[in-house]
Amino acid sequence: LEVKVAISSVSEANALANLDQDGKGWDFDARRAAATAAWNKALAVIDVDAPKSDRTMFYTALYHAMLAPTLSMDVNGEYRGPDHAVHRAQGFDFYSSWSLWDVYRAQQPLMVLLDPARSTGFIRSLIAAGQASPFGILPVWAYQGLETWCMIGYHAVPVIADAYIKGVRGFDADAALKLMVASATYGPYGDLADYMKLGYVPIDHEPEAASKTLEYAYDDWSLAQMAGAMGKSGMAATFMQRAGNWRNAWDPKTGFMRAKLSNGQFREPFDPTFAGYGSDYTEGNAWQYSWYVPQDVPGLIRAMGGDAKFVAKLDQVFDAKVDPAQFKNVEDITGLIGWYAHGNEPSHHIAYLYDYAGAAWKTQQRLKQIMDSQYAPRPDGLSGNDDLGQMSAWYIFTALGFYPVTPASDV
């Protein structure tokens, strides 16, 4: 049985036009051969010499990493924008399906290295979506052009900054920077109003406040990198100052990142092992989120008491005896090695942090442990949701021997 189906986010007429142009003919075998050739060409961007099972895992991961964002316009260039109106892409392809909380970490930095021309198209799509936004901000988690408001942060900012710092051009950098600043200063979103006033997000005003404070601070840092690279030193200085707001979540008494109340006190009682929706953290607990200062790892090491204490606490993360049932109400916390949760993105940079404290061999040991236990060429070969390629991009980078702990740093 052969069936042809076409969709459109704009209209039935556009769906039929898509079918007429993209679905010409009924030669299934020819279509399958063309798809195979297209994927073979795309996957050939990296050559790997390894045992067959490793090659299967590697190219499966590369395939997953290349699936999104998705082309989200019709054959006539029309697409649905975040304002629910119909727009037309002029001179670029419009992409959506933006799981930005996930993909800014490794999937988009990987695309910058493998296909910078397509990264240009991705960024032009983000700019177009931001310009059509009724709030004047970049996408947070966009699907088929529409905003879902899923997850936290303004992580379109580091996607754009990372590409710009690494030399991707072909988009309006001034328009991009304007939208980046608008996204970082839109007070109603995620209690940015309090964040800008207090230097942190207060937990009595906004849930998951510790995570939001930490992620906003990193996004601010990445914005500062792009502003500085564009010669806008005043703007860069403003956002570099905001990038230090992670210190407002640091509690030296307990040794963890925590949420504060609007009166400046940390919320009590505190349990670093607790994770639940509406808690101090987003899909995580204090053991998982206290490492999230990618823009200032040396500062975090100093806050934790120096290299030796930092390494010892990292060991505690991986060596802890943890009952997975503890996270039964937070289904995204999976792939546990101690408190380390590889099935969820906040943990993805943690194993690399040993390297910053002079213990590179421990990074190597942990990475091998993660690769061997969390990935396999089987139907159950991922420990969590692939999250539009982020889980697989982590594998690709780690298999190659490096990882973008701090996107937009060019390191």
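My entries on sheet, surface, rings, backbone and charges follow.

**Entry 1: what I am looking at**

I am working from a predicted model, so I keep that in mind for everything below.

I find three strands in an open sheet, in the order 5-6-7, and the pairing is antiparallel. Which strands stand at the edges? Strand 5 (98–99) and strand 7 (146–147) do; each has a single partner strand, so one side of each has no neighbour in the sheet. I then checked how strand 6 (residues 141–143) meets strand 7, and I count two bridges in the antiparallel sense. Across from Glu147 in strand 7 I find Ala142.

**Entry 2: the start of the chain**

Next I looked for nonpolar side chains on the surface. Leu1, Val3, Val5 and Ile7 make up a nonpolar patch there, and together they have about 560 Å² of accessible area.

**Entry 3: rings**

How many aromatic pairs does the structure hold? The search gives me 28. I opened one of them, Phe318 with Tyr340: the pair is stacked, at 5.0 Å centre to centre and with 25 degrees between the planes. Phe318 belongs to helix 14 (residues 307–319) and Tyr340 to strand 11 (residues 340–341), so this contact ties together parts 22 residues apart in sequence. Buried or exposed, I asked of Phe318? Phe318 is buried at 4% relative accessible area, and Tyr340 is buried too, at 1%.

I then turned to Tyr375 and Trp394. Their ring centres are 5.9 Å apart and their planes are at 5 degrees; planes under 30 degrees apart count as stacked, so I log this pair as stacked. Tyr375 comes from the loop between helix 15 (360–374) and helix 16 (390–400), while Trp394 is in helix 16, so the pair joins parts 19 residues apart in sequence. Both Tyr375 and Trp394 are buried.

I also noted a cluster: ring pairs link Tyr104, Tyr218, Trp221, Tyr281, Tyr289 and Tyr292.

Two arginines sit over rings. Arg169 is over the face of Tyr164, 3.7 Å from the ring centre. Arg258 has its charged end over the ring of Phe270, 4.2 Å from the centre.

I looked for cis peptide bonds. One runs from Ala68 to Pro69, with omega near -5 degrees, and Pro69 is in the loop between helix 3 (52–65) and strand 1 (70–71). Another joins Glu268 and Pro269, with omega about -5 degrees. Pro269 lies in the loop between strand 9 (256–257) and helix 12 (286–289).

Glu283 is in the loop between strand 9 and helix 12 as well. Glu283 has phi near 50 degrees, positive in a residue other than glycine, and is buried at 13% relative accessibility. I also wrote down Asp410, not a glycine, with a positive phi of about 60 degrees; Asp410 is in the segment after helix 16.

**Entry 4: charges**

The whole structure gives me 14 salt bridges. In one of them, the side chains of Glu78 and Arg88 meet at 3.3 Å, N to O. Glu78 is in strand 2 (residues 78–80) and Arg88 in strand 3 (residues 86–88), so the bridge ties together parts ten residues apart in sequence. Glu78 is buried at 17%, whereas Arg88 is partly exposed at 42%.

Asp220 and Arg242 form another, with the closest N and O atoms 3.0 Å apart. This pair links helix 10 (residues 209–229) with helix 11 (residues 233–243), across 22 residues. Asp220 is buried at 0%, and Arg242 is buried at 12%.

Last, I checked Arg366 and Asp315, which meet in a salt bridge at 3.3 Å, N to O. Arg366 lies in helix 15 and Asp315 in helix 14, so parts 51 residues apart in sequence are tied together.

Methods
Residues numbered from 1 in each chain as written. Predicted model: local features only at pLDDT ≥ 70, side-chain atom pairs only at ≥ 80, totals over all residues. Heavy atoms only, no water. Pairing = 2+ DSSP bridges. Helix = DSSP H or I, 4+ residues; strand = E, 2+ residues; numbered from the N terminus. Patch = residues over 30% accessible without salt bridge, like charges linked within 9 Å, V, L, I, M, F, W, Y side chains within 5 Å. Areas by Shrake-Rupley, 256 points an atom, 1.4 Å probe, with all protein chains shown as cover. Salt bridge = Lys/Arg side-chain N within 4 Å of Asp/Glu carboxyl O. Phe/Tyr/Trp six-rings, centres within 6.5 Å; stacked < 30°, edge-to-face > 60°. Buried < 20%, exposed > 50% of the residue type's maximum accessible area, 1.4 Å probe, protein only. Lys NZ or Arg CZ within 6 Å of the ring centre and 35° of its normal.
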